[in-house]
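Work through the exercises below with the structure open beside you. Try each task before reading its solution.

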Amino acid sequence: MSLNGRNYTDEYQRSLKDPEGFWLDAARTVDWSVQPTRAYSSADAPISRWFPDGELNTAWNALDRHVAAGRGDQVALIHDSAMLGEVHSYTYTELTDQVARFAGVLRGLGVGKGDRVVIYLPMIPEAAIAMLATARLGAVHSVVFGGFAANELAVRIKDAAPKVVVTTSGGLEPNRHVEYLPTVHEALDTAGSPGLPVVVKHRDGFATDPHTLDWNYVDWDTALADAQPAGPVPVKSTDPLYVLYTSGTTGTPKGVVRDNGGHAVALLWTMANLYDIHAGDVWWTASDVGWVVGHSYIVYGPLLAGATTVMYEGKPVGTPDAGAFWRVIEQHGVKALFTAPTALRAIRKMDPEASLLARHDVGSLQTLFTAGERLDTDTFHWASRVLGVPVVDHWWQTETGWGIVGNPRGLDPLPIKAGSPTLPMPGYDLRIVDGLGEPVAAGEEGNIVLGLPLPPGTLTTLWGDDQRFVDSYLSAFAGCYATGDSGYVDADGYVFVMGRTDDVINVAGHRLSTGAIEQVVGKHPAVAECAVIGVADALKGQKAVGYVVLKSGVSIAADVLQNELVALVRREIGPVADFKNATIVDALPKTRSGKILRKTMRQIADGDAYTVPSTIEDPSVIAALLPVLAPVEVGDDHRPGR
Ligand code: COA
Ligand code: AMP
C-alpha cells in the first residue's frame with residue numbers, strides 16, 4: 001500500500017470496471033474551461049472521443065496555471081547543452097511569457113485554431129517554446145526529428161500541410177555541425193511549398209543561408225522582440241494537439257494524432273502515479289523532442305505537473321565523456337531520469353565499472369526509468385548495481401503516448417522482475433492471442449493486443465486517414481488494437497515484450513522501417529532486388545543490414561556498392577537510419593508466391609532457431625546464404641526480441 005493509500009490492483013481493476021468514474025476522477029487534475037461531464041463517447045467509434053464535452057487549453061495547463069498558483073518563480077525548464085557547455089534556465093513566468101509571445105508571432109503569420117505548424121528543431125528551448133506556442137493557439141504541431149533528411153521532412157510537410165515551418169540554422173552533433181537550412185530549403189521544394197513562411201532561430205557558428213533574402217524567412221529573435229503576446233485559445237478536448245509521424249511497415253510514415261483532453265489527463269496521471277513526480281520535482285528525460293518520449297516527457301508531462309524539466313543537448317558518451325549523465329543529475333538535482341537502454345549500454349561500454357560516477361554526487365536520484373526498447377537483463381543488473389536505485393523498465397509506443405505496461409512508483413511500487421516492464425497500466429486491457437485472435441496460455445508467446453477502447457491519451461486516428469488507422473491497428477484482431485509486438489504474460493501477470501512482429505526495427509531507441517530503407521536501396525541502378533532486416537547489435541539493440549541482388553549483366557565492386565548505398569540511405573532517410581552494411585548475394589530466399597523470407601533471414605542472422613517454411617521456392621538459396629548471414633557476436637541478453 002502506498003503512502004497515499006492507493007494501490008495498483010485497485011486502481012487497475014477500477015479503470016476497467018468503471019472507466020467513466022476512474023477517468024473523470026483523473027480529469028480533476030486538469031484545468032478545464034468547460035468541465036467534462038462524461039469521460040468517453042463511442043459515438044465516432046472506432047475513433048475514440050475522450051471527455052467529449054470538455055474544453056481546455058493544453059499550454060495554459062502546462063504554464064499559466066502554475067504561475068496563477070504562485071509558482072511563477074520556480075524553474076520550469078533547464079536547458080543543459082553539453083555541446084556548448086552552457087546552461088540556461090526559464091522560470092514558469094519566463095517560459096509563459098516566451099510562449100505567449102511566440103504564439104503572437106505564429107498568429108501574425110496566420111496560424112489559428114486547427115492549423116498545422118511543422119517544427120524541425122534540435123534540442124534547444126525554442127523547440128519546447130514552439131510546441132507550446134502552437135498549442136496555445138489551439139493549432140496542431142508536427143515535430144520532425146533533426147536526424148531525418150530533406151525527403152522525410154518533405155513527406156511530413158506534404159501530409160500535414162502546415163501554415164508555417166519553424167526551424168534553426170544549425171544543430172550540434174559531436175562530430176559535425178548540422179546545417180538545417182539547406183535541408184529545409186530542399187524539403188520545401190520537394191513538397192511543392194517554396195513560399196511557406198519559415199521562422200528561423202539563428203545559432204552562432206552557422207552561416208546565414210543565401211536564400212534568406214528570396215525566401216519568406218522570419219528571424220525568430222526579431223519577431224519575438226516585436227511580438228504581442230497571444231492568450232490561450234480554448235479547444236475541444238477531442239481537438240488535435242499534435243501529429244507525430246512514426247515508422248510503419250511501408251515507406252509512408254503514419255501521422256499519429258493526439259487529442260488535447262485525453263492527453264493532458266493521461267500524462268498527469270502518469271507523472272504522479274507512474275513516475276512519482278510532482279510540482280517542484282526535477283525530472284530529466286534524455287531523449288529528443290522529435291520522438292514521442294520527448295513530446296510526452298520532456299515537454300508536456302513534466303510541465304503539466306508543474307515540475308522542472310531538464311532538456312539536454314548532448315549524448316551519453318563523448319560530450320565530453322561517459323560521466324555526462326552523472327554530471328547532469330548532480331548539477332540539477334535530478335530526482336528521476338528517463339532514458340533508453342542503449343544510452344546505458346553506451347556508458348557501460350566506455351566505463352564498465354562506472355568509475356566516473358564516483359566523481360559526482362547523484363544522491364538526488366531516486367529512480368531510473370527506461371523505455372524505447374527492451375531493457376536487457378545485463379544492462380538492468382549493471383545499472384541497478386552501479387546506481388543503487390530502482391531501475392524501472394516500461395513499454396509503450398508512439399501510438400499510445402504513455403506506458404502500456406509499467407511499474408507505478410507513485411502507487412505501491414511492484415517488485416521488479418528483470419526482463420519485464422511489469423504490469424498493464426490503467427485502461428489497458430492487455431491480452432496475448434494467437435494468429436486467430438484466440439487467447440494463449442500463461443507463459444506462451446503470442447501477439448500483444450489491447451481491448452478497445454484504448455485509454456485516454458492514446459492515438460485517436462492517423463492524420464487524414466481514418467481508414468489506414470483501422471487497417472493498420474484495428475483489423476487484425478476483432479475488438480482489439482494490435483500493438484505489433486509479441487510477448488507473453490507469466491504466472492504472476494508480468495508482461496514480457498519480445499519484439500516486433502512486423503518490419504519495424506529499433507536502432508539505438510530510434511524506430512525505423514526496414515521497408516522504407518528497402519525502398520531507397522532498391523532505387524540504386526545496380527540493384528535488382530533487396531531485403532533489409534534488423535539484426536541484433538550489442539550497443540544499439542538492432543541495426544539495419546541490407547542484402548542485395550544485382551541486375552543481370554551489372555558488375556560493381558562490393559565496397560563501392562556498399563558505400564553508395566550507405567550514402568543514398570543517409571541522403572534519403574537521414575543519418576538516423578545508421579545504415580552501414582550492404583552485402584551482395586546471388587539470390588534472396590522467397591516463397592513460391594514471391595514473398596521474401598525476411599523473418600527466416602533475421603532468425604539466421606541472430607543465431608536463433610529457425611524453420612524454413614515449406615512454401616519456399618528454392619531451399620538451396622537459404623543454404624547459400626548461411627555463411628553470409630553468420631550471427632553477429634552479441635551476448636544473448638542483448639538481443640532485442642529474445
Ligand atoms: N540531427 C542530426 N543528426 C543526428 C541527430 C540529430 N538530431 N541524431 C543523430 N544523428 C546522427 C548522428 O550524428 C550519427 O551520425 P554519423 O553517422 O555521422 O555519426 C547518426 O545520426 C547515428 O546517430 P546515433 O544513432 O545517435 O548513433 P551514435 O553512434 O552517434 O550514438 C548512442 C550512439 C547510443 C550514444 C546514441 O544513439 C544515443 O544516445 N542513443 C540514445 C537514443 C535515445 O535516447 N533514444 C530515445 C528515444 S526514446
Ligand atoms: P516508438 O514508437 O518509437 O516508441 O517504438 C515503439 C516500439 O519500441 C514498441 O512497439 C516496441 O517494439 C519497442 N519498445 C519500446 N519500449 C519498449 C520496452 N520497454 N520493452 C520492449 N520493447 C519496447
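Predicted model: local features only at pLDDT ≥ 70, side-chain atom pairs only at ≥ 80, totals over all residues.

Residues are numbered from 1 along each chain as its sequence is written, chains are lettered from A and ligands numbered from 1 in the order in which they are written, and side-chain values use heavy atoms, with hydrogens and water left out.

**Exercise 1. The site of ligand 1**

Solution. 
- Step 1. A residue is near a molecule if one of its heavy atoms lies within 4 Å of it. There are 23 residues around ligand 1, and Glu173, Arg176, Pro316, Lys540 and Arg570 come nearest.
- Step 2. Sort this shell by class. Ala, Val, Leu, Ile, Met, Phe, Trp, Tyr, Cys and Pro count as nonpolar, Asp, Glu, Lys and Arg as charged, and the others, Gly among them, as polar. The shell of ligand 1 then has nine nonpolar, seven polar and seven charged residues.
- Step 3. Look for pairs of N or O atoms within 3.5 Å, the cut-off for a polar contact; within protein, one atom must be able to donate a hydrogen and the other to accept it, and residues adjacent in sequence count only if both atoms are side-chain atoms. A polar side-chain atom of lysine 540 is 2.9 Å from an oxygen atom of ligand 1. Polar backbone atoms also take part: that of glycine 146 is 3.3 Å from a nitrogen atom of the ligand, and that of glycine 147 is 3.5 Å from a nitrogen atom of the ligand.
- Step 4. Taken alone, ligand 1 exposes 940 Å², of which the protein buries 84%. Accessible areas come from the Shrake-Rupley method with a 1.4 Å probe; for residues, only the protein chains shown count as cover.

**Exercise 2. The site of ligand 2**

Task: Which residues come nearest to ligand 2, and how much of the ligand does the protein bury?

Solution. 
- Step 1. Of the 14 residues around ligand 2, the nearest are His394, Thr398, Asp485, Arg500 and Arg511. The shell divides into three nonpolar, five polar and six charged residues.
- Step 2. A backbone N or O atom of histidine 394 lies 2.7 Å from a nitrogen atom of ligand 2. A polar side-chain atom of asparagine 506 lies 3.0 Å from an oxygen atom of the ligand.
- Step 3. The protein buries 93% of the 490 Å² that ligand 2 exposes when taken alone.

**Exercise 3. Cysteines**

Task: How many disulfides does the structure hold, and are cysteine 480 and cysteine 530 buried or exposed?

Solution. 
- Step 1. A disulfide is a pair of cysteine sulfur atoms within 2.5 Å. The structure holds zero disulfides.
- Step 2. Buried means under 20% relative accessible area, exposed over 50%, and partly exposed in between (1.4 Å probe, protein chains only). Cysteine 480, at 4%, counts as buried, and cysteine 530, at 8%, counts as buried too.

**Exercise 4. Backbone features**

Solution. 
- Step 1. Helices (H or I, at least four residues) and strands (E, at least two) are DSSP runs, numbered from the N terminus.
- Step 2. The bond from alanine 45 to proline 46 is cis, with omega near 10°. Proline 46 is in the loop between β1 (40–41) and β2 (49–50).
- Step 3. Threonine 319 and proline 320 are joined by a cis peptide bond with omega about 0°. Proline 320 is in the loop between β17 (308–313) and α12 (324–332).
- Step 4. Threonine 422 is not a glycine, yet its phi is positive, about 90°. Threonine 422 lies in the loop between β21 (405–406) and β22 (423–424) and is buried at 2% relative accessibility.
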